[in-house]
Amino acid sequence: MAFDASPSWSGFNYQGKVALYYALSLINADPVGTDFSDRALMLEDNEDFEILCNGNSVSIHQVKAYNSSAYSKYSDALLEITLELHKQPGVIGKIHTWKQINSKPNLQDLENSIKDDLKVLLDEYRDTNPKDGSSIIEKAVSTDSYRPKQAAILKAALPELTAAELFDVLNFIHGGQSDAINRLDSYLYEDNNRFCDLEEVNVKIKSGISIALEARNITCTSEQLEKTFHYFLGMMDRYIIQRHKTKQQEEKISIAFNEIIEVLENDHEDIGFEYLAYEFKNQFAHQIDEYISDPDDYTDPEENVICNLKEASNFLLNLSPMELWAYYRSFCPHINLAHDNNTTNAFATDFIGIRYVLIRILHEINFDRASHNASKYNFSYRTATPPHKSFLPTTITATARVTQIERQITSNPNMCETLFEIENLIYNGLEAHTFCPTSMAHTEAPQAEDEDPRTKRDDILKHITLVPISIAKEALNQ
């Protein structure tokens with residue numbers, strides 16, 4: 001595989017859910033009691049996920065959450081999985097997408113579109129005379145450290161071949177001597193659509209759970225359905241995070257089908273705060289999906305240009321649900337999210353602030369300036385040049401007056417750490433507003449004329465400033 005399939009903005013959420021849905025559909029396709037001891041689900045090994053039988057692939061899958069139907073968005077993934085299928089005779093391949101994939105202009109289907117991609121590579125190599133290294137096939141076998149994406153895919157799939165041998169393999173696939181393309185198709189869902197959007201996949205998973213519970217004569221109440229669904233989200237979440245940590249190790253971690261069946265057959269008690277954290281992470285990822293799918297908020301960056309939001313999302317969504325909740329609390333200096341009552345915490349969660357403020361900040365601010373303190377669950381930005389200043393991204397909207405926001409911050413018991421360390425809070429207002437975090441207490445003596453104005457880091461900061469996104473962006477994007 002040429003490129004790490006580690007989930008980006010929505011992939012973390014979407015890829016695992018599609019894999020879970022597919023595994024459930026296979027389980028439901030056979031009678032209850034079928035021996036699945038030889039079956040397992042593997043994520044992010046040869047492809048985005050695969051189904052194993054006795055440790056060997058029986059199907060491999062690409063998952064792409066692009067808000068586009070243009071064939072060009074998927075051509076690299078289709079080339080990659082085609083080459084993998086060529087190397088694994090008898091294995092089937094599926095691509096799962098958010099939007100339906102159109103064929104190339106003037107071509108009638110996916111199969112002919114893939115063949116045309118191969119023809120372009122073959123013709124380019126064939127017509128390059130003399131062989132000066134300029135064709136994609138030649139670049140794939142070169143020693144250059146940088147290769148175009150297609151060349152990198154070819155190199156990763158067939159690393160030992162010469163240019164002539166690589167040409168022969170592609171020609172073999174294009175001509176049909178290899179049936180790799182015939183074993184590849186976009187996945188057809190039970191509703192006869194060859195796509196499934198980011199919200200609908202939740203519905204499909206719950207439908208699969210319901211079918212499995214009813215087949216096992218387990219009462220499928222709405223509560224049981226929701227608990228089982230969230231338990232699966234937690235299971236997939238833990239697995240993907242662990243998979244990322246051990247990806248470079250030889251030992252491969254998979255999810256046995258029997259583990260999935262065991263989850264279905266158990267009555268899941270209310271898991272309290274952990275349950276809330278799983279649902280919060282699911283909703284947090286959904287807000288990112290919503291933002292990136294909105295053309296008024298987001299456009300895809302140019303090739304080889306880092307997207308600040310994707311980088312920040314990768315960091316945050318690779319946290320466990322409990323860790324993500326802890327980081328979220330730091331993004332909300334104006335909201336007390338440490339109540340013993342989980343229902344109160346749930347109602348206090350500000351998804352509007354996440355969607356329209358925090359995610360916008362993560363998108364616009366240079367990720368190279370990001371700094372995070374894992375022990376304190378703190379993600380902030382720091383200027384590159386002295387005097388260094390720290391900026392905290394927040395969910396603070398401009399709906400309240402700045403004086404009200406100030407009171408909310410200074411009265412929030414969660415703010416203690418922030419009052420010591422971060423002097424700038426990025427919010428969605430239009431003007432900067434500086435205030436003294438201890439003003440409510442009225443316990444400090446006036447500053448002496450000869451006193452050093454710089455605050456010691458073991459003292460509460462003398463001043464904190466609410467900073468508009470535009471000003472923070474200018475300071476941190478330098």
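Predicted model: local features only at pLDDT ≥ 70, side-chain atom pairs only at ≥ 80, totals over all residues.

User: At what angle do H2 and H6 pack?
Analyst: Helix H2 (residues 75–87) and helix H6 (residues 163–175) pack at an angle of about 90°, and their axes are 11 Å apart. Because angles of 65 to 115 degrees count as roughly perpendicular, H2 is roughly perpendicular to H6.

User: Which residues make that contact?
Analyst: On the H2 side they are Thr82, Leu83 and His86, while H6 contributes Val169, Leu170, Phe172 and Ile173. Sorted by class, the contact has five nonpolar and two polar residues, with no charged ones.

User: Switching to the sheet, what's the strand order?
Analyst: It is an open sheet of six strands in the order S7-S8-S9-S10-S12-S11, and the pairing is mixed. Strand S7 (370–373) and strand S11 (433–435) are the edge strands, each pairing on one side only. On average, neighbouring strands are turned by 30° against each other, with direction ignored.

User: And in which sense does S11 pair with S12?
Analyst: S11 and strand S12 (residues 464–468) pair in the antiparallel sense over three bridges, and Phe435 stands opposite Ile464 in S12.

User: Which strands does H15 touch?
Analyst: Helix H15 (residues 402–410) packs on the sheet and touches strand S10 (424–427), S11 and S12, with its direction at about 40° to that of S11.

User: Where does H17 lie, then?
Analyst: Helix H17 (residues 469–476) lies across strand S8 (378–382), strand S9 (390–393), S10 and S12, and H17 runs at about 95° to S12.

How values were computed
Residues numbered from 1 in each chain as written. Heavy atoms only, no water. Axes fitted to C-alpha atoms, helices over the stretch in contact; angles between N-to-C directions. Helix = DSSP H or I, 4+ residues; strand = E, 2+ residues; numbered from the N terminus. Parallel < 35°, antiparallel > 145°, perpendicular 65-115°, else oblique. Contact = heavy atoms within 4.5 Å. Nonpolar A, V, L, I, M, F, W, Y, C, P; charged D, E, K, R; others polar. Pairing = 2+ DSSP bridges.
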